[in-house]
Amino acid sequence: AKVPNDIGVTVVDSPAVFCEGTKNVVATISNFGNNQVTSAKVNWSVNGSAQTSVNFSGTLDTIGGSGSYTAQITLGSMGFSLGSVEDIVVWTSDPNSKTDTVNFNDTAKASVSPSLSGDFTIDPTGTGALNYTTFAAAAKDLTDFGICSPVTFNIASGTYTEQITLGEVTGTS
């Protein structure tokens, strides 16, 4: 059964596929309750470190109402470095300055990392910057994070016995 004041986070929208640098962190909040929501707090953390909360003010209609029951909220911006994975957690509280008693829909999480861009080396010795020690590790990052500009893999001389299957790579044309 629905309750009067129930707000939650549907998804962490961005960043998604992106090159390294400073990007906005954006999430979609939704009204799941029986009352319209005109205010709420949107909280977030990065790698367990609390960030400054954002106060939502507006009108989120009920599901099935004539207005929108969702809103995209820009939480702030942060720098992202190639090779780092950031765990972003977003959660809501205080819909209409009331206690949200339904908590299973309050939180959304995303692990994000910049997409690959530039030149990389596959070298089992692990020497050099921007290096992968296996084809499998390079393929995993390609399929997990995609590409945002041209990518070249330079292969160190040697004998390789790996077999890989490359899945879909977001950002390719």
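How many bridges join strand β3 to β7, and in which sense do the two strands run? Six bridges join strand β3 (residues 37–46) to β7, and the pair runs antiparallel. The views below are taken from a predicted model, in which local features need pLDDT of at least 70, side-chain atom pairs count only at pLDDT 80 or more, and totals for chains, interfaces and linings use all residues. Residues are numbered from 1 along each chain as its sequence is written, and side-chain values use heavy atoms, with hydrogens and water left out.

View 1. Strands are DSSP runs of E with at least two residues, helices are runs of H or I with at least four, and both are numbered from the N terminus. Two strands are said to pair if DSSP finds at least two bridges between them.

View 2. E86 belongs to strand β7, which spans residues 86–93. This residue is buried yet has no salt bridge, and the nearest side chain of opposite charge, K23, is 14 Å away. Buried denotes under 20% relative accessible area, exposed over 50%, and partly exposed the range in between (1.4 Å probe, protein chains only). For charge, Lys and Arg count as positive and Asp and Glu as negative, whereas His and the chain ends are not counted. A salt bridge requires a side-chain nitrogen of Lys or Arg within 4 Å of a carboxyl oxygen of Asp or Glu. The side chain of E86 does make a polar contact with the side chain of N47, at 2.5 Å. Such a contact is a pair of N or O atoms within 3.5 Å; within protein, one must be able to donate a hydrogen and the other to accept it, and residues adjacent in sequence count only if both atoms are side-chain atoms. Neighbours within four places in sequence aside, E86 is in contact (heavy atoms within 4.5 Å) with V46, N47, M78, F80, A110, S111 and V112.

**View 3. The antiparallel sheet β1-β2-β6.** Three strands form an open sheet in the order β1-β2-β6, with antiparallel pairing. Because β1 and β6 stand at the edges, each with a single partner strand, one side of each has no neighbour in the sheet. Neighbouring strands of this sheet are turned by 25° against each other on average, direction ignored. Strands β1 (residues 7–14) and β2 (residues 21–31) pair over six bridges and form a hairpin with six residues between them. S14 has V26 of β2 as its bridge partner.

View 4. Strand β9 (residues 116–122) pairs with β11 over six bridges, and T121 has N154 of β11 as its bridge partner.

**View 5. The salt bridge of helix α1.** The structure holds one salt bridge, in which the side chains of D144 and K140 meet at 2.4 Å, N to O. D144 and K140 are four residues apart in helix α1 (residues 135–145), so about one helical turn separates them. D144 is partly exposed, with a relative accessible area of 41%.

Note on methods. Axes are lines fitted to C-alpha atoms, for helices over the stretch in contact, and angles run from 0 to 180 degrees between N-to-C directions.
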